[in-house]
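Reader: I would like to learn how to read a structure like this one, step by step. Could you show it to me and begin with the ligand?

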Amino acid sequence: MTQSLAQELTQFVRSHYGTESGAIPLHAPVFQGNEKKYLAECIDSTFVSYLGKYVTQLEAMTQEYTGTKHAIAIGNGTLALHAALHVLGANSESEVITQTLTFVATVNAIRYTGAAPVFLDSSRTTLGMCPEALKVFLQENAELRDGKAYNRKTGKSFAACVPMHVFGHCVDLDGLIKICDSYGIPLLEDAAESLGSFYKGRHTGVIGKLGILSYNGNKIVTTGGGGMILTNDDALAARLRHITTTAKKKHAWAFEHDELGFNYRMPNVNAAVGCAQMERLPQMLADKRATAEAYARFFAQKGIPFIAEPEGTKSNYWLNAILAGSRQERDAILEYTNSHGVMTRPVWEPMHRLPMHADFQRGPLTNAEWLADRLVNIPSGVRP
Ligand SMILES: Cc1ncc(COP(=O)(O)O)c(C=O)c1O
């Protein structure tokens with residue numbers, strides 16, 4: 001049964017991507033717009049580092065597309081998360097709540113600040129942080145002092161809650177924000193995977209206090225490597241711009257820095273590629289949606305659960321995913337497809353199982369473990 005499904009899936013993917021032989025990647029970048037033109041212009045201008053018109057242009061395009069007040073271009077999504085957590089005050093005296101089922105960068109960034117991560121369960125429909133799990137965890141562990149939430153067991157404050165929009169599918173933001181607000185915990189959206197995804201008509205990453213995007217080579221829009229911080233908060237935006245450019249005070253020629261800063265801004269060469277990519281975002285999203293719809297029809301006929309966008313949301317379908325019946329069935333699908341040139345992948349190993357992140361507090365993680373045993377990502381790139 002599994003072997004024949006994997007075989008049919010392989011044929012289906014080959015015919016969908018029009019590739020009879022050779023490898024089909026999970027998500028390869030497509031450069032069909034002005035990338036080379038803008039790159040050449042950027043090099044000719046000699047402004048290749050973080051000062052330059054493409055950085056400003058990419059920030060403006062992102063502000064317009066996402067509807068955020070401030071977009072700050074950063075070297076990559078991990079750095080964007082680190083800087084965002086830093087301005088929210090995450091440090092060794094605090095904890096940051098996140099989901100165990102996420103890419104490791106979310107938790108690495110929390111650890112860079114010195115804060116301790118707290119791992120919560122996922123929802124089986126959104127794949128992201130489960131509001132009920134957050135509510136129960138805080139009821140059992142949090143106490144409010146002067147409007148700030150502290151962990152009763154450790155005495156540390158909760159600096160932030162970081163849900164992640166898995167594969168571009170939106171988490172239940174209303175549910176999470178309501179709970180976070182009642183404890184005074186700021187919400188930072190890890191929207192690294194969800195450029196082009198909308199929650200109840202609003203772009204992901206702009207609904208929480210802060211949000212971040214990634215433009216890694218495997219994302220829907222790439223700058224080679226890059227990220228963006230999104231916020232509507234003027235004061236946070238000003239501070240983020242300052243600390244990510246080495247906290248240098250504005251001056252015509254003097255080098256004065258007024259706090260510990262980071263060199264985290266996106267170079268202009270990367271932004272040049274990003275501007276060209278952003279111009280084609282609507283076409284790329286349309287093609288990805290067509291692929292998701294084709295998969296949904298295919299798997300409906302086979303009786304295999306296909307992960308669809310949650311109700312009331314619009315997903316970018318960054319990575320399409322199905323649910324195998326068991327870990328054994330998952331591995332059989334992975335084995336067959338990968339050995340026949342069709343790249344498929346399991347979801348990430350949950351964070352609480354990784355050796356360097358294993359010793360932190362967690363809630364019950366039943367859904368995350370169930371999902372981790374079954375999820376399979378299938379080729380999802382834009383067709384050239
Ligand atoms: C959920 C998530 N968070 C953070 C990142 C980090 O982004 P980057 O690779 O740009 O550092 C990624 C992707 O790479 C991601 O998928």
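Author: Helix 4 (77-87) and helix 5 (104-112) each supply at least two residues of the shell around the ligand. Helices (H or I, at least four residues) and strands (E, at least two) are DSSP runs, numbered from the N terminus. This is a predicted model, in which local features need pLDDT of at least 70 and side-chain atom pairs count only at pLDDT 80 or more, while totals for chains, interfaces and linings use all residues. Residues are numbered from 1 along each chain as its sequence is written.

Reader: Which residues around the ligand come nearest?

Author: A residue is near a molecule if its C-beta atom, placed from the backbone, lies within 6 Å of it. There are 14 residues around the ligand, and Asn76, Gly77, Thr78, Ala192 and Ser214 come nearest.

Reader: How should I read the sheet, and what is the order of its strands?

Author: Strands of a sheet pair through backbone hydrogen bonds, either parallel or antiparallel. Two strands count as paired if DSSP finds at least two bridges between them. Here an open sheet of four strands has the order 1-11-10-7, with mixed pairing. Its edge strands, each pairing on one side only, are strand 1 (70-74) and strand 7 (188-190).

Reader: How many bridges join strand 10 to strand 11, and how many join strand 7 to strand 10?

Author: Strand 10 and strand 11 run antiparallel and are joined by four bridges, with isoleucine 212 opposite isoleucine 229 in strand 11. Strand 7 and strand 10 (residues 210-214) run parallel and are joined by three bridges, and there leucine 188 stands opposite leucine 210 in strand 10.

Reader: Why is strand 10 described as largely enclosed?

Author: A residue is buried if 20 or more other C-beta atoms lie within 10 Å of its own, exposed if 12 or fewer, and partly exposed in between, with C-beta atoms placed from the backbone. Five of the five residues of strand 10 are buried, so the strand is largely enclosed by the rest of the structure. Leu210, Ile212 and Ser214 point one way from strand 10, whereas Gly211 and Leu213 point the other way.

Reader: What share of the residues in the chain is buried?

Author: Of the 384 residues in the chain, 51% are buried. The chain as a whole holds 12 helices and 15 strands, and its C-alpha trace spans about 65 × 60 × 35 Å along its principal axes.
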